[in-house]
Amino acid sequence: MDEVKDDAFKGVAERLTLGITRILENMAGVADVCFTDTEPAEKRSLLSWEQKNTCILPEDLRDFYLTTDGLSLTWNVKLDNESVPLGCVRLNCVSRLCPLVSPVSLFSLPNAPSLCDLDQDDKEPESSPHFDSRSRIFELDSSGGNGKVCLVYKNCTPGVVAQNSEVWFLDRSLKWHFLTSSFTSYYRLMITHMGLPEWHSSFTPYGPSPQAQWASLYQPLTFADPQEPPSDPHLNRLDPSRAFRTKTKTPPKKKPSAQSGATGTGRAAAGRGGAKR
């Protein structure tokens, strides 16, 4: 019975993670691949969330929650005989799909600062989400403290049910970066990057920090420079002129041989003799 349960659990994990768990387990240097299985969410909890937040969950996100109420996949790497945490793929459960901007409390100070104040001096494009009532924002993942992945409903009207949603990334400087137009696209993107540190920053102008770029050794194809022209994704091209820059050596000057020196002396003497004549 235990073997049957283990096989069933591995089948569920492989199906939900699109086979990433098996790839990680067979990857050199990777250890402690841990997938946390959760029970499906109840339909009444989804309906309660929609009524409470005046939003309709996207169909693909609803199907995900009816399959598993959240997702957690972590894995480590071996460095100097120690297991170091590296990858983390996580999605909040329905109960933790909370609004990013909390409603103003009756007991809060009248002039207390809030995120809505940022919209008064907003230099972001009009297509970006807003912290005021124009958008409804819910946190999907905390991104390991490097920002927040959010389910965003834009162009909202108070009292009207919002239906269309997108997935955006809010970095630590409170700048918005578009990720995908649907939850399914984001899910595939998340699985492809295998939860590497700061992978969401790949969709920002500054990119991942130097401390996180070493993790690209475990998934180098996803850390391509967007400024470079597209090339074959299955080839790692190396430009020796850029990778191995050395000083240009000047060729040594050739010393005149003895024969050429004697010939030159003879010619000079003949010239002097002709001049005396």
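I call a residue buried under 20% relative accessible area, exposed over 50% and partly exposed in between (1.4 Å probe, protein chains only). This is a predicted model, where local features need pLDDT of at least 70, side-chain atom pairs count only at pLDDT 80 or more, and totals for chains, interfaces and linings use all residues. I number residues from 1 along each chain as its sequence is written, and side-chain values use heavy atoms, with hydrogens and water left out.

Cysteines: I checked cysteine 55, which is buried at a relative accessible area of 0%. How far is its sulfur from the closest cysteine sulfur? That sulfur belongs to cysteine 156 and lies 6.0 Å away, too far for a bond, because a disulfide is a pair of cysteine sulfur atoms within 2.5 Å. Cysteine 156 is buried too, at 12%. I found zero disulfides in the structure.

Cores: I took a nonpolar core as a set of buried Ala, Val, Leu, Ile, Met, Phe, Trp, Tyr and Cys residues joined through side-chain atoms within 4.5 Å. The largest has 42 residues, and Tyr65, Trp75 and Tyr187 are among those with the most contacts inside it. Helix α5 (residues 183-193) gives the most to this core, five residues; helices here are DSSP runs (H or I, at least four residues), numbered from the N terminus. I noted a second, separate core of eight residues, including Trp168 and Trp176.

Tyrosine 187: Beyond its neighbours within four places in sequence, I listed contacts (heavy atoms within 4.5 Å) with Leu16, Thr17, Phe64, Leu71 and Leu91.

Whole protein: Of 277 residues, 33% count as buried.

Conventions. Helix = DSSP H or I, 4+ residues; strand = E, 2+ residues; numbered from the N terminus.
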